[in-house]
Amino acid sequence: MEDDFLEGLNPAQREAVLATEGPCLVVAGAGSGKTRVLTYRIAQLMRQGVKPWQIMALTFTNKAAKEMRERIANVVGDSARSLWMGTFHSMFAKILRQEAELLGLNNNFSIYDTTDSQTLVRQIVKELGLDPKVYKENNVLSRISMAKNNLVSPAAYANDPALVKEDMDRKQSEIYNIYSIYSARCRQASALDFDDLLLYPNILFRDHPERLQHYQQKFRYILVDEFQDTNHAQYRIVRQLSDAHHNVCAVGDDAQSIYSFRGAEIQNILNFKKDYKECKIIKLERNYRSTKTIVNAANSVIAKNEKQIKKVAFSEGDDGERIKLIAAYTDHEEAFRVASSIHDLSRREHCKFADIAILYRTNAQSRALEEALRKSNIPYYIYSGLSFYQRKEVKDLLAYLRLAVNPNDDEALRRVINYPARGIGDTSLQHLQEAANAASQTLWHTIEDLPVNPPTTLKSPAIKKMLEFAELIRAQQRETLKLDAYEAAYKIALASGMLAELRSESNNNEGLTRLQNVEELLNSIKAYVDQRRSEGDIDDTVGLTEYLSNVALITDMDSDDPKKSDCVSMMTVHSSKGLEFDYVYIVGLEENLFPSPRSLTDTSALEEERRLFYVAVTRAARRLTISFAQSRMQWGEMRSNQPSRFLKDIDPQYIEMDARMADGLHRGNQQVHSARHQAPSGRPLRSLSSNMRGASQQGNRPPANSYSSARYAAGPALTAKQLHANMAVLHDRFGQGRVLSVSDDGQMAQVDFGSAGIKNLVLKFANLRAAGQ
DNA sequence: CGGCCCCGCGTTTTT
DNA sequence: CGCGGGGCCG
């Protein structure tokens, strides 16, 4: 077994696994077995006797962390659980909760998501009487974010002539002021935004050297995945933490750096060898994913970029087919020809839909494609921008939960103080906010203070309603202490009136979906509680605080993969990073779309767009098809565009032309090389055979580990009336059980599931069925 | 206070 | 075209 350990790794991979001491940069091209190297490297460390809690492995997505943890567990077993492995944000949120006191934070701090931050900025802009058109929240927020990423405090911002001048030039001279108020408000509310989760560790290390030293000693080995995507704050954290032992391993691919608009700095990977003088550089250049054609074509594209680490990706696979081009007149036609091609692929080559992906530059492009796939009865799955956790009804319930844990969370309070409607309108809320601002207090404090200190602006009915609301929240706070997260959440959903409100609106499809989403959220909380309990590392209740600190950093990108439901995957190129598919369609290769219009004036932005295209191309394992349309519906009008310059970047020997293009029917595509042409692939769509299920799913997916399958299980769910003690029942997850008792109100039942334990189930969601003999 | 309508605006988005 | 926010009216 010991000897087998490194078997199946190529020399470069092996070197990367074994170079455990000292700084090390692993330049890992697309499909080069990067996760494998990281996994083995960690296993190797543990074989050398390093304890799992001395290793910190940082990723950018929960998904990547989860995948790696599972793979490591396969090699080293249970001890993988003690690794510090996760996203930058979740690892440092955990550390910040431990160090809260030193930083003047509350350890039950809330985490503001982007929407919370936006609302807060909008609110501040309004309060300052500034023009919201000049101070658009995303604009302002990206300035604030930039400042935080670069560790620039509000005071330092105001005193930085360069920053001030930039703002003056853009006629946004008040940004420093908004930033300052924004920070103060977050602090008051005991809330950290995403950037704070990276900023505060830096503050901790700066102001409390003994804590820095502590963590330097603790984390003897640090690994960072996707290093090309680190921003300055993350870079500083890694830099400082590794300063004692110098055991830092950065893994990444500069060619796949596509998040500069979020503050990622490609320089961090490009300069790594300057920053860590004695570092080893290992290049993983063999691509195990794609055909020679695809790898070579991708190389020819990326070669057009100036800024990069020189490397030669190569494939030992088949030559494979040349890249297919589809030239369409309109986006509509493009979509139908892609659908037709997918249909052929499935029928002639019997490939699975799950092995097919359609990638686009912008989410808006999915519409036409959806229509075409639906009409062709091709099942598809859209990785939508709007995640489950961003839906209003889900955020509303989460806001109640946040309040129960941290009532000073002003954004949460603002969100639900009048939902369901309890007669506290905008004006009252505004007056409350003014009073709060005058006293430099949170909304919650101000409400609690109302009996002693009522602002003259608030009328007594409004005050009464606010106090009632406060009592509701206090009651939840008290309850919460005794209950697990699921029980607490369910109580809150009931007591707040949310469930009643949603039920009353569930007579149409939309309303029903909202209700179901909330039920789904409750289910997922239950699943979370159960899972944590089954892991056994939580002895007593898994409370709301625990749950909330996790949920804030989760997106449903992390949950299930569409591969298991055999659907064509549709997503933006950005979301496709890290994934692979046998058959890939990249659509919309047109100027002003891909590359995007904003990138055209700036070389480095254009290089990033090219890297984005490189990412798209390298998702394909076996066959790549690229399409573009002469004109498309954009913002309600037809616009025409030239084929993308990136098509010209592909070495023509790897391209096979669409018949129609080769015939010269297409005008304005002189930039695209002609090539030997083949039989036409753009046959018109006929009505397609329809024994496939056209069950397209979209958006609105349940979170991971949810019981979503329960709803589709056979047999009607049992109601309280049908249940009696000792009755045998079936549960989708716990299996067969025996009813012990039903609660008086008929809402809950206690069921003994034998080895799975005795569970208190809420009948409405438990979906119990009679155990058939 | 709350609902409805109209206007403005519109990349990408791991956390 | 489709969404969200602000304004206006009941």
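In this predicted model, helix H6 is followed by Leu151, a residue whose phi is positive, near 60°. Helix H6 itself covers residues 137–149, and its 13 residues reach 18 Å from the first C-alpha to the last, close to the 18 Å expected at 1.5 Å a residue. Buried residues of H6 include Val140, Leu141, Ile144 and Ala147. Charged residues are on the buried list too, among them Glu137, Arg143 and Lys148. The cover over these buried residues includes helix H5 (114–127), helix H7 (154–158), helix H9 (175–188), helix H10 (196–207) and helix H12 (232–241).

**The chain as a whole**

Chain A has 773 residues, of which 44% count as buried. Its secondary structure comes to 31 helices and 24 strands. If one takes the contacts between residues at least 6 apart in sequence, 74% of them join residues at least 24 apart.

**Nonpolar cores**

The largest nonpolar core holds 125 residues, and Val26, Ile178, Leu223, Leu401 and Ala489 have the most contacts inside it. Helix H18 (residues 392–405) gives the most to this core, with 9 residues. Another core lies apart from it, made of 69 residues that include Ala264, Ala298, Ala313 and Leu589.

Which residues does Val26 touch, leaving aside its neighbours within four places in sequence? Val26 is in contact with Ala16, Val37, Cys249, Val251, Ile282 and Leu284.

Ala489, another of the residues with the most contacts in the largest core, belongs to the buried part of helix H23. This helix spans residues 485–495 and is mostly covered, with 8 of its 11 residues buried. Besides Ala489, the buried residues of H23 are Ala485, Tyr486, Glu487, Ala488, Tyr490, Ile492 and Ala493. Just after H23 comes Gly497, with a positive phi of about 85°.

**Backbone details**

Most residues other than glycine have a negative phi, and most peptide bonds are trans. The table lists exceptions found in this chain.

| Site | Feature | Value |
|---|---|---|
| Tyr419 to Pro420 | cis peptide bond | omega about -5° |
| Phe594 to Pro595 | cis peptide bond | omega near 15° |
| Asn377 | positive phi | about 55° |
| Trp635 | positive phi | near 55° |

Pro420 sits in the loop between helix H19 (410–416) and helix H20 (426–438). Pro595 is in the loop that runs between strand E15 (581–586) and helix H28 (603–617).

Asn377 is located in the loop between helix H17 (366–375) and strand E13 (380–382). Asn377 counts as partly exposed because 18 other C-beta atoms lie within 10 Å, and a buried residue needs 20 or more. Trp635 belongs to the loop between strand E16 (620–634) and strand E17 (637–640). Is Trp635 buried or exposed? With 6 other C-beta atoms within 10 Å, Trp635 is exposed.

Leaving aside neighbours within four places in sequence, Gly320 is in contact with Thr291, Lys292, Thr293, Ile294 and Arg622. From Gly320 to Val573 there are 253 residues in sequence and 23 Å in space, C-alpha to C-alpha.

**Surfaces near the DNA strands**

There are 40 residues around DNA strand B, and those that come nearest are Asp229, Gly425, Leu553, Thr555 and Thr572. By type, this surface divides into 12 nonpolar, 21 polar and 7 charged residues. Helix H4 (88–98), H20 and helix H27 (573–576) each supply at least two residues. Which helix gives the most to the surface near DNA strand B? H20 does, with 3 residues.

Around DNA strand C the residues are Arg122, Pro132, Trp635 and Gly636. They divide into 2 nonpolar, 1 polar and 1 charged. Trp635, listed here beside DNA strand C, is the residue with the positive phi near 55° described above.

Notes: Residues are numbered from 1 along each chain as its sequence is written. Chains are lettered from A and ligands numbered from 1 in the order in which they are written. This is a predicted model: local features need pLDDT of at least 70, side-chain atom pairs count only at pLDDT 80 or more; totals for chains, interfaces and linings use all residues. A residue is near a molecule or strand if its C-beta atom, placed from the backbone, lies within 6 Å of it. Helices (H or I, at least four residues) and strands (E, at least two) are DSSP runs, numbered from the N terminus. A residue is buried if 20 or more other C-beta atoms lie within 10 Å of its own, exposed if 12 or fewer, and partly exposed in between; C-beta atoms are placed from the backbone. A nonpolar core is a set of buried Ala, Val, Leu, Ile, Met, Phe, Trp, Tyr and Cys residues joined through C-beta atoms within 7 Å. Two residues are in contact if their C-beta atoms, placed from the backbone, lie within 7 Å. The expected span of a helix is 1.5 Å times one less than its number of residues.
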